[in-house]
Amino acid sequence: MSSSVATVSIPTRPAPVGRVRSFLRRLRSGDEIAHMFTFVFAASIFLITVLLVYELYHNTALPRHKFGWNFFTTQTWDPVFDNFGALPFIYGTVVTSAIALLISVPLGVGAAIFLAELAPRGISDALTFIIELLAAVPSVIFGVIGVFVLVPIMRKYVEPFLKATLGSLPIFKGPIISGYDLLTAGVVLSIMVVPFIISVSREVLLAVPVDQREAALALGATRWETTWKVVVPYARIGIFGSVFLSMARALGETMAVTMVIGNVVKISTSLFMPGYTIAAVIANEFTEATGDLYTQSLIELGLVLFLLTIILNGMARIMILVTQGRGTSQE
Amino acid sequence: MQRIFKSYAGYVLSLLVLGAGLILVTRPSLTAPAPTPDNLQITAAGATFPFPIYSKWFDEYHKMHGDIEINYQSIGSGGGIRQVLAGTVDFGASDGPMSDEQLAQAKVKILHFPTVLGAVVPTVNIPGVSAELNFTPEALAGIYLGKITKWNDPALTGPNPKAKLPADEIVVVHRADGSGTTYIWTDFLSKASDEWKNKVGKGTSVNWPVGLGGKGNEGVTGQIKQTPNSIGYIELIYAVQNNMPYGRVKNSSGAFIKADLDAVTAAAAGAAKDMPADFRVSITNAPGKTAYPVSSFTWLLVPAKIDNAAKKKVITDFLHWMMTDGQKFCNNLAYAELPKPIVAKELKAISLIQ
Amino acid sequence: MSFRYAWRKFVNVVMLSLTGVCALSAVFVLIFILGNLVYYGGSNLNWAFLTRLPRPVGETGGGMGNAIVGSAKLLFLAAITGVPVGLIGGVYLAEYGGKTFSFLVRYTADLLNGVPSVVMGIFIYTVVVIPMKKFSALAGGLALGVMLMPIVLRSTEQFLRAVPGSLREGAMALGARKWRTVLTVVIPAAYKGIATGVLLSLARVAGETAPLIFTSFGNPFWSHGWNDPTDTLPVVIWRYALSPYDDWHRQAWAAGFILLGLVLLVNISAKLILSRGMSSGRA
């Protein structure tokens with residue numbers, strides 16, 4: 001404050017010298033140091049990310065040159081004859097994530113509706129607290145539950161039931177072998193993804209302005225009709241955002257999936273067949289891939305996964321921002 | 001006074017926790033029986049096939065030399081080969097010998113040292129069937145090719161007239177990771193079936209026509225145990241330790257042999273004479289009336305040049321102990337000891353390590 | 001009361017119940033997981049298990065002392081590397097940032113946050129393990145630290161921004177420089193939020209398994225210093241769960257219980273501190 005008083009009283013000081021003087025003044029007073037100090041740390045995050053992307057790109061030179069775009073359409077994964085293709089893993093990743101979303105989105109949005117609209121505030125807060133704890137459970141623990149509890153249940157009860165009732169659909173056609181299959185992996189993923197959908201959808205629903213609800217109720221709608229026909233469509237984009245966010249998370253899940261999916265490189269229409277995902281194959285084969293082409297093909301799979309999650313995360317953020325911008329918060 | 005105390009309590013607490021953390025992690029001896037300050041840790045990785053005997057050996061060796069810890073991680077033979085080539089472990093282990101191309105990739109020459117003899121057995125989990133089944137090599141190839149799909153297929157009921165094999169689908173289990181056990185199994189199947197040899201071939205990691213993938217011998221055993229109507233190939237000790245029934249395999253003389261120490265030793269009997277200098281040899285389908293056809297050596301992969309003098313001393317000393325006194329632990333864990341002529345050759349080969 | 005109206009009321013009640021069932025089933029799942037862990041693993045929880053080393057393959061009576069210490073070590077290293085970067089970076093974004101560079105930092109932090117954990121493992125393997133020619137606790141700790149950075153960055157920035165401008169202005173009016181204001185007024189005001197953010201992020205990376213497989217590797221002995229590979233709780237749980245030995249299965253359940261218990265404890269206390277802090281008014 002005193003410095004600005006000083007410069008006002010001596011207006012004739014030439015500009016460049018004045019700038020240097022004020023820089024030095026700020027330096028001595030510590031602000032410039034603080035700025036640079038914090039800048040360095042912020043920049044290091046930027047640099048680390050750049051380094052990561054560079055490493056991923058640089059270490060995939062061999063397969064990119066050898067296979068090119070065919071990498072994404074080849075079905076074989078043959079370390080003996082050095083022929084690598086990503087298609088079975090992309091298929092497995094997409095299918096398990098799709099199953100996860102098919103199960104968790106109705107469940108999650110339903111629960112979010114209950115928590116945001118229909119439940120009294122106290123119960124809603126308590127239940128949300130517990131559900132958000134589910135999001136903190138590590139992946140390997142879901143894997144342990146999957147292997148010892150879920151796989152036998154799927155094999156003994158759920159899959160025979162599905163085969164008996166919906167067996168005419170191609171996805172439920174094959175023999176039920178072991179319970180280690182795409183369907184089980186999808187179910188485990190859905191449990192892992194549900195808390196995110198609930199949490200984000202609930203916030204997005206709460207952000208819908210009160211007057212929308214009041215207007216609908218004033219016109220004689222029931223609570224359910226208000227919710228389903230007015231509030232949810234208003235928050236639709238944000239809910240889609242939560243779905244994309246969950247999809248991004250489901251794609252990268254490694255441990256729980258590799259413990260229950262059967263780890264087989266094959267594309268099958270039947271959900272009772274084992275499969276493989278990108279994250280699972282990297283975890284299983286990375287430490288032992290002999291030969292540069294093999295290793296770099298695995299890294300290229302990692303790069304593909306990374307790009308997919310970037311795109312999904314980006315779309316999700318935009319969607320959620322749009323919804324939160326449209327309405328004022330109820331809180 | 002109270003207000004100052006309250007606002008600084010958090011800082012003090014965090015500092016205390018930080019301090020405790022620092023102390024704990026830099027001196028783990030506080031929580032553990034203190035090792036001597038200059039203990040040496042050697043890192044090794046590789047095959048799961050001999051993991052039970054290796055983990056016993058390294059434990060015994062540590063008991064004898066308290067300041068030496070050999071950390072062996074069983075990540076599969078493929079992993080052992082890869083990590084020893086990359087130099088991230090001090091030595092590796094594999095039941096599939098390194099190929100010429102892999103050896104050419106090494107910056108330092110890699111030496112193979114056979115450690116034990118083991119057997120790969122076809123293990124089954126068929127509810128209601130506890131008898132030992134007889135398998136012909138052709139039947140095993142057919143199962144793994146996906147051509148024999150049910151347990152009551154004639155190729156299986158033929159050699160097993162008394163077993164009540166169900167009409168259920170066979171669940172095939174194989175390795176998901178790079179595996180020397182896979183190498184031994186596919187080497188045997190390639191000798192058993194030309195179709196297998198041309199279609200799939202042999203290696204530590206192959207393009208399996210059918211089946212589920214388990215990680216390591218441990219994972220495959222776990223999967224067979226949990227899955228009814230399954231069959232998988234695992235090292236003998238894993239079946240024994242987990243009380244799982246395993247089948248007899250027909251050898252080149254036509255007899256159905258159950259894997260045990262004598263049968264495996266018989267398979268190696270002929271190998272001693274023709275053992276190449278680098279010890280890389282396959283003894284699957286070995287001649288001999290009592291020989292078990294899916295037997296194999298397993299090797300430690302040691303770099304021929306070790307820069308760290310202390311590590312070199314430990315590794316050579318361990319190799320020496322392993323081939324002589326260490327062999328007495330083998331039989332308890334269902335591995336066969338190395339034939340004496342081979343041990344003699346190996347002891348001489350240790351001097352190749354610079 | 002027309003039929004249509006009765007039908008609408010009926011649908012209303014049915015849907016209310018259905019959504020309630022959805023919410024309760026999510027809660028049920030958590031309780032189910034905890035219950036299983038306690039049931040199967042509880043018998044194995046004794047002091048010996050927590051402090052002993054593992055036994056050779058197939059022998060019973062081993063413990064997980066080294067894995068617990070290993071995890072603690074990695075978390076410590078992750079905290080030392082990830083927290084300062086995230087914290088001070090967050091200060092930059094909230095207090096000092098220029099427009100374009102702040103956007104860049106936020107964007108790349110989001111990217112880093114979205115990296116699948118197994119890809120992070122690949123990154124640290126190529127950048128730390130291969131040049132060092134060794135698997136190490138250092139590599140594992142760095143992997144977790146890098147995963148920690150964007151989370152801490154985000155939460156620090158969020159809580160710093162939440163500090164009302166009046167506090168800052170008041171300090172500056174008293175003659176304090178900007179750095180002094182930030183250090184002695186703004187950060188303490190946001191202290192609770194930042195601390196809970198750090199704790200939550202530590203709880204989150206504590207359970208990560210995939211990046212540790214190719215960095216800290218594994219070790220049946222105590223790991224000494226930072227250069228040795230080390231067993232960690234999540235990796236050991238994975239290895240034991242996939243094995244065929246019943247004793248190892250029980251150990252995996254018990255270890256899972258410890259891991260989940262600690263993670264949940266940290267999460268619950270963090271959330272409680274946060275909510276009490278908010279509702280009891282500004283600091």
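**Notebook: chains A, B and C**

I began with the contact between chains: 70 residues come from chain C and 66 residues from chain A, where two residues are in contact if their C-beta atoms, placed from the backbone, lie within 7 Å. I note that this is a predicted model, in which local features need pLDDT of at least 70, side-chain atom pairs count only at pLDDT 80 or more, and totals for chains, interfaces and linings use all residues. Residues are numbered from 1 along each chain as its sequence is written, while chains are lettered from A and ligands numbered from 1 in the order in which they are written.

On the side of chain C that touches chain A, helix α1 (residues 3–41) of chain C gives the most, with 17 residues. Helices (H or I, at least four residues) and strands (E, at least two) are DSSP runs, numbered from the N terminus.

I next looked up strand β4 (residues 110–125) of chain B. Of its 16 residues, 15 are buried, so the strand is largely enclosed by the rest of the structure. A residue is buried if 20 or more other C-beta atoms lie within 10 Å of its own, exposed if 12 or fewer, and partly exposed in between.

I then traced the partners of β4(B), where two strands pair if DSSP finds at least two bridges between them. With strand β11 (residues 295–303) of chain B, β4(B) pairs in the antiparallel sense over nine bridges; B:G118 stands opposite B:S296 there. With strand β8 (residues 230–235) of chain B, the antiparallel pairing of β4(B) runs over six bridges, and B:I234 is the bridge partner of B:V121.
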